[in-house]
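Colleague: I'd like to learn how to read a model like this one. Could you walk me through a few features, one by one?

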Amino acid sequence: MTREEVLNKYGKSKDNLLYILHDIQDSNPRHYLTEEDLKEVAKWLELPYSYVHGVATFYSMFSLKPRGKYIIRVCESPTCHLMGASNIIIELVKSLGVGIGETTKDEIFTLELTSCIGVCGVAPAMMINSEVYGNLTSEKIAQIIDEKRRESK
Amino acid sequence: MTVPRMHVLLPFDPDTLLSGVKEFEKALLDELKKNNLEEEIKVLETGSIGVTGRGILMVVYPEGVYYANLKIADIPRLVGEHFVKGRPVKDLLLGEVPARFVKREKVGLVREQKRVVLENAGMIDPENIDEYIAVGGYEALEKVLSSMTPEEVIEEVKKSGLRGRGGAGFPTGLKWEFTRKAEGTEKYIICNADEGEPGTFKDRLIMEGDPHKLLEGMIIAGYAIGAQKGYIYVRGEYELSIRRMQKAIDDAYKYNILGKNVLGTNFTFDMEIKKGAGAYVCGEETALIESLEGKRGQPRNKPPYPVTHGLWMKPTSVNNVETLANVPSIIKNSADWYRSIGTEKCPGTKVFTILGHVVYPGLIEVEMGTTLRDIIFNYGGGIKDGKKFKGALVGGAAGVFLPEKFLDVKMDFDSLKEYKAVLGSGAILVMNEDTCMVDMLFSIIRFFKHESCGQCSPCRIGTYELYSLINKVRAGEAKESDLETMINLSEIMFKSSFCPLGQSLVMPVKSAIENFREEFVAHLDKNYQCEKCRR
Amino acid sequence: MAEMVKLFIDGKEVEVEKNSTILDAAKKAGSYIPTLCYHPDLSPTGACGVCVVEIEGSPTPKRSCCTPVSQGMKVTTNSKSLREIRKTIVQLLLSDHDVTCPTCSANEKCELQSLANYLGVDTNGLPAILERKPLDETSVSIVRDPNKCILCGRCVTVCSELQTVSAITIAERGFEAVVDTFFSQGLGNSSCVNCGQCTVFCPTGALSERSEIDMVWDALLDPDKVVVVQEAPSIRATLGEEFGMEVGTVTVGKMYAALRRLGFDVVFDTNFAADLTIMEEANELVERVKSGGPLPLITSCSPGWIKFMETFFPDLAKYVSTCKSPQQMFGTLSKTYFAEEAGIDPSKIVSVSIMPCTAKKFEARRPEMRDSGFQDVDYVLTTREFVRMLKSAGLDLKELPDERPDELMGMYTGAATIFGATGGVMEAAVRTAYWMITGKELENLDVTAVRGMAGIKEAELDINGLKVKVAVAHGLGNARELLTKVRKQIEETGKSEYAFIEIMACPGGCVGGGGQPKGSTFAMRARRGEGLYAEDKSLPLRRSHENPAIKRIYEKFLKKPGSGVSHKLLHTFYYKRCDLSGCTIESVTEKHANHH
Ligand SMILES: Cc1cc2nc3c(=O)[nH]c(=O)nc-3n(C[C@H](O)[C@H](O)[C@H](O)COP(=O)(O)O)c2cc1C
Ligand code: SF4
Ligand code: SF4
Ligand code: SF4
Ligand code: SF4
Ligand code: FES
């Protein structure tokens, strides 16, 4: 969907702000909101620009920076932590060569941390875009990253 | 139309998906087709049945036989032996059947769960409204609309003793009554499906496994409080829940269970799903309302409470998913029936998630008042890998670290209070002897630091101070007085934070340091080795 | 009669209105509760938690500033535990704070500092955890130092609710939460109109004016420069309180004396230019009424309002008076009229103004404000900066004698003085417009209907049988409300019911300006205004056209109001501005439009 299509879909009621931002971000291949996006949304809903900025930066699912094709979100909540999430994070940092919140040079992966994603039964877990991966081990990580890298080519 | 001879249920959850259940389903369908069984045997995708770590699962009805760790290569045998000849394939059966295993038929499973809210989850096709209706769904709504006044509904719920499952345990009937009696005609019911409490995914399983049950509960609630509109505020991350709930709502509109003149009565009720965007604090009811209004999810001051000043400042009842999913059964089977389950002051069942170092991590629904020991050692199968139990974090991140001596506590709102603990969301994180409690508390504090909305100074700065203090402990740079500072600070935060998020950190902080003091003190020694703290 | 509620504060029974807060009730009961984020003129945010009190039956203390009273409530406002809480909160705030009080712009006026002092907070208890963030120095008027911000939220409330500009918001979450502009582009690249109200309400040094003190000292200490100074009408009503005098005391003579002690070479008065503004503006009003020009005429002396208009109401620009503000009229004349009269090379003149206003700093730097051939006003100091200069020079206003200004551009009438209060420009203009239209003097000079703190004031004036409807708005939220109505009237009927409208960006007018002392409450603003009205009443001349210095400048230099010279030097034009970045898009009126 283009931004205009999203805006038209929702109408002008201010409580739609979050859903509009969701949809616009989802239609961006780099999974983020541009300055232009926030500006146009503010105009459409007749909200102050700063207000839209305040809302967009409150929620962790929104990003104002371009991200990779795949957003890897590793759960760092207590259950996953107990089951070894820190090792998973170290493993990912190593194999991707980026820090938390950063995107790989080839723009394929962005590494993020997340609070509980509700799949603690298979901790440690992570999400790649909307897909869940659980019972993670170092070997599994390598395998998943390889696979995704191949898919993106 | 042929009536299927058998139902084959394939639980779809993160675990089974990971094991390739999608490909398995395709292969199974092909095999059935090859054998001309596709009319006779119906394959259904269902939500999780609460078993994890066992690969691809399959449940076959009417026998109620459970298979686990299935591979595509097993399909010909399953079809040939079981589906055609009616002989279950013994070596593929779920071997060591967990004590908490869901039992429908009496086929020798050790123990039965008491299922009320999850009675249909994993048993029916959640995307098919007819199946829900076939198992008695929407009968409660029909009863309510045809023979009960809103006041009678509230009275029945009050009598049932149902208490909110979102954490605080507030009597649901009372909340509805306040909302009903509040001034104004425009009112709302909001279902809190933000489920962000770490270690909790019960609401997701209800929505994915039996979305109509939640809908029915919500419509009844709407009728009772005099609302015209309901919102379900679902965590943004829960994509499948959102899809299933949307399908359920769409179907309900088609069946005139939602919309104008519900089921031909003059009750009109609309429902909409709203999606969060990643903020734990939005589970707090006033923050949730702010977020629904398109704002930053910062809690409001209470009082006034949502029951008088909620969404758009109109009277609003905010109820948890599990709370609402209890309602249809209460209405259908009577308050007295409900009171016969659970304890005197906390009737009914509770859905718990058992996680961490247990043999069977996952989710169970049992009667209120079941002991922690029972849950961990029977339903959870005890500690994994032959290790010893060390402690459990009960009630989610805002919960309490309980040592072994508290294992016999009854899991209900009031009994836990005696141990200065809380039921919270029903998450139970079990830790074995290798766990470092300092490291676990670190993880909890980091969570709060990340999720504080930042609106008020005690929590915004307090969580960060606690974070730097626990890091000092981890690094072996702390003094004993730092432990006191942590406890004092968390107590001040309890007394002065704006909302329960900042207030609740006192529970994990105090219980960890007090119940596992030696370990904390040991960390003060510079030479102490701890792998978990990376030193 | 509002419903009343009885409750007990520290055992004392009080009765208050039903929608009161516990804090209101405690005030009534005579119990003092410390507060920090709370401000009497703003809706509470409940951010700090310092005001917590114990309520019988409540498991945790509650914030008194935002918790409503209820019948029979039993409240305790002070206890060991409450003291402990308050101390810890302040300690937390300081642990995340760049504590540099001695050099801080808020020193001695800082509410955090005084609370810490009052509570006896020990700063050693908790590790310092400040994560330093960069300063926002993009604005010519205002500097934002996030390292001194306590996130009380007052500035956001002020900017969005009081001023309806919404240039700033709270962005991010948790420990990262910060006051920010759209896409972190900085105040200078935002819709901020430089009104400075946020700096007045900010309890700490996190928001302050961009200081020009050093530049002014440099000029004063440069023997080659002739430093000319002007002081806005409202300054004389606020200086006193900063030196321990009663709020609203007018200290004009001591102000001149102080300026001379600081080393200003020529001490004039903005009031002179205010009288001049009235001559030009009243003339413009009369012309427009006579010639059927665009009405209502809207005043133009508040630069925060002008930028607001350019940003949000550019369609109304043609209604706005073309007169420059008194500061800018003065600036131009200081480098033309004064330079000529005194025989000084204008390039040697440094024109400094002492203003109640941060927007004047912006105005002085507008590129079109160079009609003298130089930047007309070189430096603008706010009241706060001026007070700091006086203190740094060891001057105590109370001890100084009363002196007189230099005459050429220093004499003024009562009409000029009341420019500093809301409604004053209107009142002053009416006095002169009446004379211009009727040739007679207005008998009753007090147009009381437009005085006072009501947000929007209306009056119907009778000018020799001609009925004129006027309106006054102060605070940009009120301005927005009034202008939205005017815009609608014009759109629907082609004209507005009003002939003349006064707008001031700041609540209370300049006495409540964005450069005035921190902590200026509405009640204080009202008292300062009363001080100005009292001075007006006490002056021998109260009509701008009676000012001998004004008569002289028209005789010698300007010819007559609205003349060619006047238009060249004293009038201006307006832009349409981008509501996102504040930058100019195009000019929407022309200079010399009224030139005959
Ligand atoms: C930080 C915080 C997070 C919360 N998260 C949830 C949540 O995810 N789901 C929920 O139902 N209640 C949550 N609650 C509790 C809600 O505020 C509210 O009490 C609940 O939705 C009421 O529903 P109930 O009466 O059915 O329990 C949370 C509370 C706090 C303070
Ligand atoms: S306690 Fe924490 S989450 Fe709650 S309002 Fe304060 S800062 Fe926000
Ligand atoms: S803001 Fe206040 S406490 Fe902070 S440095 Fe300035 S005067 Fe001191
Ligand atoms: S100066 Fe005025 S417009 Fe600018 S941020 Fe402050 S209050 Fe808002
Ligand atoms: S800048 Fe000042 S007024 Fe604004 S939140 Fe920070 S301390 Fe409060
Ligand atoms: S003064 Fe009440 S919370 Fe800050």
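Colleague: Where is P124(A) placed?

Modeller: P124(A) sits in a loop of chain A, between strand 2 (109-114) and strand 3 (126-128). Helices (H or I, at least four residues) and strands (E, at least two) are DSSP runs, numbered from the N terminus. The peptide bond leading from A123(A) into P124(A) is cis, with omega near -5°. Chain C has a case too: L295(C) and P296(C) are joined by a cis peptide bond, omega about 5°, and P296(C) lies in the loop between helix 9 (270-291) and strand 12 (297-298).

Colleague: What should I know about the model and its numbering?

Modeller: This is a predicted model, where local features need pLDDT of at least 70 and side-chain atom pairs count only at pLDDT 80 or more, while totals for chains, interfaces and linings use all residues. Residues are numbered from 1 along each chain as its sequence is written, chains are lettered from A and ligands numbered from 1 in the order in which they are written, and side-chain values use heavy atoms, with hydrogens and water left out.

Colleague: Which residue has a positive phi of about 50° although it is not a glycine?

Modeller: H31(A) does, in the loop between helix 2 (17-27) and helix 3 of chain A. H31(A) is buried, at 18% relative accessible area; buried means under 20%, exposed over 50%, and partly exposed in between (1.4 Å probe, protein chains only). W312(B) also has a positive phi, near 50°, and is not a glycine either. You'll find W312(B) in the loop between helix 11 (285-292) and strand 8 (316-320) of chain B, partly exposed at 35%.

Colleague: How do I read salt bridges, and how many does the structure hold over all chains?

Modeller: The general idea is that side chains of opposite charge can pair when their charged atoms come close. The cut-off here is a side-chain nitrogen of Lys or Arg within 4 Å of a carboxyl oxygen of Asp or Glu. Over all chains, the structure holds 89. One of them pairs E40(A) with K43(A), closest N and O atoms 3.9 Å apart. These two are three residues apart in helix 3 (residues 35-45) of chain A, so about one helical turn separates them.

Colleague: Which parts of chain B does the pair R180(B) and E151(B) link?

Modeller: First, the bridge itself: R180(B) and E151(B) meet at 3.1 Å, N to O. The pair links distant parts of the chain, helix 7 (residues 172-181) for R180(B) and helix 6 (residues 150-160) for E151(B), 29 residues apart. R180(B) is partly exposed at 26%, and E151(B) is partly exposed at 47%.

Colleague: Are R543(C) and E546(C) buried or exposed?

Modeller: R543(C) is buried at 13%, and E546(C) is buried at 19%. They form a salt bridge with closest N and O atoms 2.7 Å apart.

Colleague: And the ligands: what surrounds ligand 4?

Modeller: A residue counts as near a molecule if one of its heavy atoms lies within 4 Å of it. Around ligand 4 you'll find, among others, I142(C), C159(C), C192(C), C195(C) and C198(C). By class, its shell has nine nonpolar, two polar and no charged residues. Here Ala, Val, Leu, Ile, Met, Phe, Trp, Tyr, Cys and Pro count as nonpolar, Asp, Glu, Lys and Arg as charged, and the others, Gly among them, as polar. The shell of ligand 3 divides into four nonpolar, five polar and two charged, with H97(C), D98(C) and K148(C) among its residues.
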